[in-house]
Amino acid sequence: MTFSLWTPTTVGTLNLPHRLAMAPMTRDRSTPEGVPTELNAEYYAQRASMALIVTEGTQPSADGQGYLLTPGIHSDEQVAGWRKVTDAVHSAGGRVVIQLMHVGRISHPSNTPHGRQPVAPSAVQPAGIMFTMTGPQEMPVPRALSTAEVADVVQEYRQAAAAAIAAGADGVEIHGANGYLVHQFLSSNANLRTDSYGGTVDNHIRFAVEVATAVADEIGADRTGFRISPANPFNDIEEENTAELYGALVAALAPLNLAYLHVTHIGDEALLRTIRSQWPTSLIVNRAGADIEARTKDLEDGLADLITVGSMALANPDLVQRLRIGAALNEPDPTSFYGGDERGYTDYPTLPGT
């Protein structure tokens, strides 16, 4: 079955007016305590005409923070801050899910509230530099989680999901992509474990499935999404047998009947078609770097139920209206993507009357 961009649909508990959603984008504009602000609420509310907003990655625990000024969802103050965001989006007619992102080894003690060593599946230092308040620094060797601690982290996701619902979110998206903690468990170079979370394909996917199961049990599968990025090397990730790995992961997640699966697609068309055939509910596809025509074609070809865009939504609060009438788009300003104030955040121009 094929769809147009403007065909309404249902995803989990949500009735969506069309099929263009906003991808999660780190913007580094929360308080140092990880509390969303009125400025964050304004930013998301400006984009409420998107079918669904997936928020920036939000740490489920203090150990889950890697970058400066990212929001959390594990304290009362953070829940209150997110309530400002969700209320603003809902008042503007939108729908919003909070993305739960534990960064794992992609961190630096200087950026966390407790200054502790990052945690990860294994004590393998990632290549790359982390920006801190004192400048760029090499990311340290992380501490390997014990088997018992892995179970504790699963519970942190459960608690964070409950907190997100308490904050008024319509659901959560589990970030299993882009080299962060869930993806680290999937990978062959970041996960060298010899217990039940490493070695075999079934063991590599175990943490992801346990997190999804716990979150779905806590808030309902119909309010739970999951994001993957097969073969994405971002954040120093390697995978062996990507097709087998994600075939097993999708097959294990499918019986949970989650609201959606969100795929960051970087070129393996055969794998995308396999995932499409395996997945029983809504499939969201993000073709990073592609133009809107290429993304829309996934709907027309039946490969996606929704599509997400990132920088297009960042630079065009009224993107839906611009696309509907064929208006020119604002160009995003990469120099203001991360950190700062309203410049490059809430001050992109909109069409008259929007």
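Is Leu329 buried, partly exposed or exposed? I looked it up, keeping in mind that this is a predicted model.

**Entry 1: Leu329**

Leu329 has 32% relative accessibility, so I put it down as partly exposed. The cut-offs I used are under 20% for buried and over 50% for exposed. I found Leu329 in the segment after helix H11, which spans 319-325. Next I listed its contacts, leaving out residues up to four places away in sequence: Leu329 touches Met312, Asn316, Leu319, Arg322 and Leu323. For one of these, Leu319, I also noted the spacing: 10 residues along the chain, with 7.6 Å between the C-alpha atoms.

**Entry 2: Met139**

I then turned to Met139, which sits in the loop between strand E8 (135-138) and strand E9 (143-144). Is Met139 buried or exposed? Its relative accessibility is 3%, so Met139 counts as buried. Setting aside neighbours within four places in sequence, I found Met139 in contact with Arg105, Ile106 and Ser107, and also with Gln125, Pro126, Ala127, Gly128, Ile129 and Met130. I checked Gly128 separately: Gly128 and Met139 are 11 residues apart in sequence, and their C-alpha atoms are 6.7 Å apart.

**Entry 3: the nonpolar cores**

A reminder to myself before this one: in soluble globular proteins, nonpolar side chains tend to be buried together.

The largest nonpolar core here holds 81 residues, and Tyr157, Phe207 and Phe226 have the most contacts inside it. Which helix gives the most to this core? My answer is H6 (residues 206-219), with nine residues. Another core lies apart from this one; it has 12 residues, including Leu16, Ala51, Val54 and Tyr260.

I followed up on Phe226. Not counting residues up to four places away in sequence, Phe226 touches Glu173, Ile174, Gly176, Val182, Ala208 and Ala212, as well as Leu253, Leu258, Tyr260, Leu261 and His262.

**Entry 4: strand E13**

How many of the six residues of strand E13 (residues 282-287) are buried? I counted six of six, and wrote the strand down as mostly covered. Both faces are covered: Ser282, Ile284 and Asn286 are buried on one side, and Leu283, Val285 and Arg287 are buried on the other. For its pairing, I found strand E12 (residues 260-265) running parallel to E13 over six bridges. One partner I wanted by name was that of Val263, and it is Val285 in E13.

On to the open spaces. The largest pocket has a volume of about 910 Å³. Its lining takes in 36 residues, and Pro24, Met25, Thr26, Asn178 and Tyr338 are the closest to its centre. Which elements supply at least two residues each to this lining? I have strand E4 (53-58), strand E7 (129-132) and helix H10 (311-315). H10 gives the largest share, three residues. By class, I sorted the lining into 18 nonpolar, 13 polar and five charged residues.

The second largest pocket holds about 200 Å³ of space. Of the 16 residues that line it, Pro32, Glu33, Gln65, Asn111 and Pro113 are the closest to the centre. This lining comes to six nonpolar, nine polar and one charged.

**Entry 5: cavities**

Why use a probe at all? Rolling one the size of a water molecule over the atoms shows where empty space is left.

How many cavities of 30 Å³ or more does a search of the whole structure find? I got two. The largest cavity has about 60 Å³ of space. It is lined by 14 residues, with Leu14, Val97, Asp222, Ala259 and Tyr260 nearest its centre. Strand E10 (171-175) and strand E11 (224-228) are the elements that give two or more residues to this lining. Its residues divide into seven nonpolar, four polar and three charged.

The second largest cavity has about 40 Å³ of space. Among the residues lining it I noted Ala62, Asp63, Gln65, Gly104, Ser107 and His108. Here the classes are three nonpolar, seven polar and two charged.

Notes: Residues are numbered from 1 along each chain as its sequence is written. This is a predicted model: local features need pLDDT of at least 70, side-chain atom pairs count only at pLDDT 80 or more; totals for chains, interfaces and linings use all residues. Side-chain values use heavy atoms; hydrogens and water are left out. On a 1 Å grid over the protein atoms alone, a cavity is a set of points where a 1.4 Å probe fits but cannot get out, and a pocket is an open set with protein on both sides within 12 Å along at least five of seven lines; lining residues have an atom within 4 Å of a point. Grid points are joined across faces, edges and corners, and a volume is the space filled by probe spheres set on the points. Helices (H or I, at least four residues) and strands (E, at least two) are DSSP runs, numbered from the N terminus. Ala, Val, Leu, Ile, Met, Phe, Trp, Tyr, Cys and Pro count as nonpolar, Asp, Glu, Lys and Arg as charged, and the others, Gly among them, as polar. A nonpolar core is a set of buried Ala, Val, Leu, Ile, Met, Phe, Trp, Tyr and Cys residues joined through side-chain atoms within 4.5 Å. Buried means under 20% relative accessible area, exposed over 50%, partly exposed in between (1.4 Å probe, protein chains only). Contact means heavy atoms within 4.5 Å. Two strands pair if DSSP finds at least two bridges between them.
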